[in-house]
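Look at the sequence and structure first, then read the points below.

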Amino acid sequence: MTLHQVVPPARQNVRSLALDFSWWIWFVATGALFFLDFIRTLPVIVFMAGSLIYVLARPGLAIKAIFSTWVPWIYAIFAALSVLWSQFPDWTLRASIQYIFSTGAFLVMAHALPAKSFLTVFLSALLVVDAASLANPATAWNTQGLAMIGIFGSKNSFGLVQAFLIQFSVWVLLDRSQPRLLRGLAAIGVVGGAFLIKAAIAVGAIVALLGALACAFLAFNLGRFPPRSRIIILCGGGLVITILCGFLIVFSDELFQAALQFTGKSSTLSDRTPLWDVAKKMMESYPIGGVGFEAFWQQGNPYAEDLWRRFQPARAGYNFHNLWYQSAVDLGYIGLSLAILTVAVTAIEVMRWVLRSPSPTSCFFFGSVVFILLQTPFEVELFAQFSTFMAIFIAAFVYARKSRERREVQQKGRRSRHEISSQPAVEQSR
C-alpha cells in the first residue's frame, strides 16, 4: 500500500473529528437560545461560552468568518452608533454589544459547519426543545387553556418554532445523503411539528409555513426546466404564493377567532393598529436615527408606558409586531433603509443559489428566507440579539455566497483549461 493510499483516510478521520467537535459545540450553543423565554440568563451564558470555546479552538477560521462579508454588519454597526443619541444609552450599549456578539458568532457558525450539518444541528435542537416543552405539562398550556405554548411565552412563538422544525425536517428527510438516523429524526419532526403547530393554533405561522414550503418545492423542481426560464417560473409562482399568503396572514387574527369559535372557546385578540399608529408618530418625531436601538420599550418612556397600560400590564417583553416599524422607531429611516438593504441582498443571493443549483439544502434556505419575509409584517425577531431567526438568515446568505464563489472558481478553472487546450501545439511546446 502506497503513502498516497494511506493519507486520505487519515485526513478524512481528522475532518470527521473536527466536524463532530463543531457540530456538538454549535448544537449546544444554539440549542440553548431556544430556552430564552423559559430561563433568561443561563441560555445566553451557554451560547456565549460555546461560541468563545470554538473561537479559541479555531481562531483563524473565526477571524476569516467575522471579516468575510459586510452585509450582516451594517445594521449592527449603526445600532451600536445609536448609543450617541439614544434616549436610554445604557440599555442601547448593552443591547448593541449583544447584537454584535450574536452577529459574529452566527457568522463563525455558518463558516464552521457545512450547510447540511447546519440543518441537522437545528433539527436536533428543535426536537430537544419540543421534548422539554412536553415534559412539563404545567408549562405546556397557557392560563386559559386555549393553545399550547410549551416553554415559550406565547402560542405565536411556539408556533414559529414548530414551523421551522417542519421546514428543517422536510428537507433533511428529502436529502438522501443525510445519515439514516437523522432522516428518521426528521420524519419524527414532520409528524410532531404538524401536531404541535396545530395545538398552538398559530394561524399566521401555519400560513407562512405553507407559503414557504410551496415556494421551496417550486424551486426544488426547477431542474426540470431550462436555466433561462427558471427565474420566470420562480418569480411568477413565488409572487402568486406570496400574495395569497400575505392575504391570509393579514386576516390571521380573524381565522384564529373563527378557529376558537369552532371549538367553542373565545379570546380577546390583541389589536396591532394602535401600536402601529404610535410607531408612525415616533417616526415623524425621530425620522433620521430613531430613538436608539431597543430604546423605545423601556420603563420611563411615556409612550411605552401608555401602550403597556393598555396591552401589557407586566410592563416588559413587548414590541410593535412589525419588523419595519420596529427598525424605523429604533434607528429611523437610516436604520430602516439598512434593514431593507440587508434583507434584499440576502434574498437575492439565496434566490441566485437556488436558481443555479436547486437541492434540498438550497431549497430549505430559500424557503426559510421566504418564511422570515412573510413574518416581518407581524414579527420582529430578525434584527435582535441572540435571535435564531437571525442565525438562519445569516447562514442562508453565507452558504449562498459560498456556492456562488465556488461556481465562479470552477468556471474560471474551466476557462483556463479551455484556453490552454486551444493554444497551438507549437506554443504549448514552448
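Predicted model: local features only at pLDDT ≥ 70, side-chain atom pairs only at ≥ 80, totals over all residues.

D175 is buried, with a relative accessible area of 6%. The side chain of D175 meets that of K116 in a salt bridge. A search of the whole structure finds 6 salt bridges and 0 disulfides.

**K116 and D175**

- The N to O distance in the salt bridge between K116 and D175 is 3.8 Å.
- K116 lies in helix α6, which covers residues 115-135, while D175 sits in the loop between α8 (155-174) and α9 (180-200).
- The two residues are 59 apart in sequence, so their pairing ties together separate parts of the chain.

**E349 and R404**

- What distance, N to O, goes with the salt bridge of E349 and R404? The value is 2.7 Å.
- This pair links distant parts of the chain, with E349 in helix α15 (residues 323-356) and R404 in helix α17 (residues 388-422).
- E349 counts as buried, at 5% relative accessibility.
- R404 is buried too, with a relative accessible area of 16%.

**D37 and R40**

- D37 forms a salt bridge with R40, and their closest N and O atoms are 4.0 Å apart.
- Is D37 buried or partly exposed? D37 has 42% relative accessibility and therefore counts as partly exposed.
- R40 has 59% relative accessibility, so R40 counts as exposed.

**Cysteines**

- How many disulfides does a search of the whole structure find? The search finds 0.
- C215 counts as buried, at 3% relative accessibility.
- C363 also counts as buried, at 0% relative accessibility.

Conventions:
Residues numbered from 1 in each chain as written. Heavy atoms only, no water. Buried < 20%, exposed > 50% of the residue type's maximum accessible area, 1.4 Å probe, protein only. Helix = DSSP H or I, 4+ residues; strand = E, 2+ residues; numbered from the N terminus. Disulfide = S-S within 2.5 Å.
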